[in-house]
Amino acid sequence: MSSAAPILNISCYLFVGLPDAAALRERLHAEALARGLKGTVLLAEEGINLFLAGSPEGVRGWVDLLKADARFAALAPKESWSQSIPFRKLLVKVKPEIIRMNMPAIRPDQLPRAPALPAVTLRRWLDQGHDDEGRPVVTLDTRNAFEVDYGSFDGAIDWRISKFTEFPAALAARKDELKGKTVVSFCTGGIRCEKAAIVLQQQGLDGPVYQLEGGILKYFEETDGAHYHGSCFVFDQREALDAGLAPSSEIKPAGKA
């Protein structure tokens, strides 16, 4: 969508140690409120996850303030535009995890990050049918089943989980499906893959494991959306985005009547 639309929407996460999450919550809430922003900001000792919308100057001013703290310097918000704010209110919360997996040992802020695959590389691999070493490539959808029903990569593995906390058990039960392949895990914006890819690595698979850098939304931003069918569910009033990052004109889940 063109930036002629008046409302800037951003989504972003960063795994970084935040022992002062409770104090940060008060400051970030006050600054977002003062700028008329709406959406959700989740804070935990493991990092930050946010979805915000408002005027471009309000959103970017809040991000600039956040990034003045060196811990958030690496934040790289994904931007899209809309005619109205797709959130009803502002919520800034402190949670045990910024993305719940119920595996306390899986702390991306404390563990080495799994290799991230750029969107353009995934598109090229899907074009050619294999990675650069000639291994077959599989895409592994780590999202909930209802999200997958809106759209996914062609031929993606979908274990029909109903919540992300089910992913580790699904992997343990079905990891044989990944044998001998290069595995690219993906989700909406990348946050679930940060944890999923670590769990995949710990399973000792016999092929490389990657996470799609920036998730589906970054793939839409940096490619033409080839090899992806349908739309991408998002957790706001827009419901789903197409490959141009605009609200989808066809929001019914793929394959649904």
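**Note on pockets, helix packing and selected residues**

1. The second largest pocket has a volume of about 340 Å³, and of the 16 residues that line this pocket, the closest to its centre are Tyr13, Ala74, Ala76, Arg113 and Glu213. A pocket here is an open set of points on a 1 Å grid over the protein atoms alone, where a 1.4 Å probe fits and protein lies on both sides within 12 Å along at least five of seven lines, and lining residues have an atom within 4 Å of a point; a volume is the space filled by probe spheres set on the points, which are joined across faces, edges and corners.

2. The model is predicted, and local features need pLDDT of at least 70, side-chain atom pairs count only at pLDDT 80 or more, while totals for chains, interfaces and linings use all residues. Residues are numbered from 1 along each chain as its sequence is written, and side-chain values use heavy atoms, with hydrogens and water left out.

3. In the second largest pocket, β1 gives the most to the lining, with 5 residues; helices (H or I, at least four residues) and strands (E, at least two) are DSSP runs numbered from the N terminus. By class, this lining divides into 8 nonpolar, 3 polar and 5 charged residues, where Ala, Val, Leu, Ile, Met, Phe, Trp, Tyr, Cys and Pro count as nonpolar, Asp, Glu, Lys and Arg as charged, and the others, Gly among them, as polar.

4. The largest pocket holds about 1,000 Å³ of space, and of its 38 lining residues the closest to its centre are Leu42, Asn49, Phe51, Ile99 and Phe235. At least two lining residues come from each of β1 (7–15), β2 (38–44), β3 (47–54), β4 (78–82), α6 and α7, with β1 supplying the largest share, 5 residues. The lining of the largest pocket comprises 18 nonpolar, 10 polar and 10 charged residues.

5. Helix α3 (residues 119–128) and helix α7 (residues 215–222) have axes that come within 9 Å and cross at roughly 80°, which makes α3 roughly perpendicular to α7. The axes are lines fitted to C-alpha atoms, for helices over the stretch in contact, with angles running from 0 to 180 degrees between N-to-C directions, and roughly perpendicular covers 65 to 115 degrees. On the α3 side, Ala119, Val120, Leu122, Arg123 and Leu126 meet Lys218, Tyr219 and Glu222 of α7, contact meaning heavy atoms within 4.5 Å. This contact has 5 nonpolar, no polar and 3 charged residues.

6. Helix α7 is largely enclosed by the rest of the structure, because 6 of its 8 residues are buried, namely Gly215, Ile216, Leu217, Lys218, Tyr219 and Phe220. Buried means under 20% relative accessible area, exposed over 50%, and partly exposed in between, with a 1.4 Å probe and protein chains only.

7. Lys195, in helix α6 (residues 191–202), is buried, with a relative accessible area of 0%. Not counting residues up to four places away in sequence, Lys195 touches Phe15, Glu46, Glu97, Ile99, Met101, Ile106, Pro108 and Phe164.

8. Two backbone values deserve a look. Most residues other than glycine have a negative phi. Asn102, although not a glycine, has a positive phi of about 60°; Asn102 lies in the loop between β5 (90–94) and β6 (116–117) and is partly exposed, with a relative accessible area of 46%. Arg160, also a residue other than glycine, has a positive phi near 55°; Arg160 is placed in the loop between β9 (157–158) and α5 (167–174) and is partly exposed at 42% relative accessible area.

Definitions and conventions:
Angles under 35 degrees count as roughly parallel, over 145 as roughly antiparallel, 65 to 115 as roughly perpendicular and the rest as oblique.
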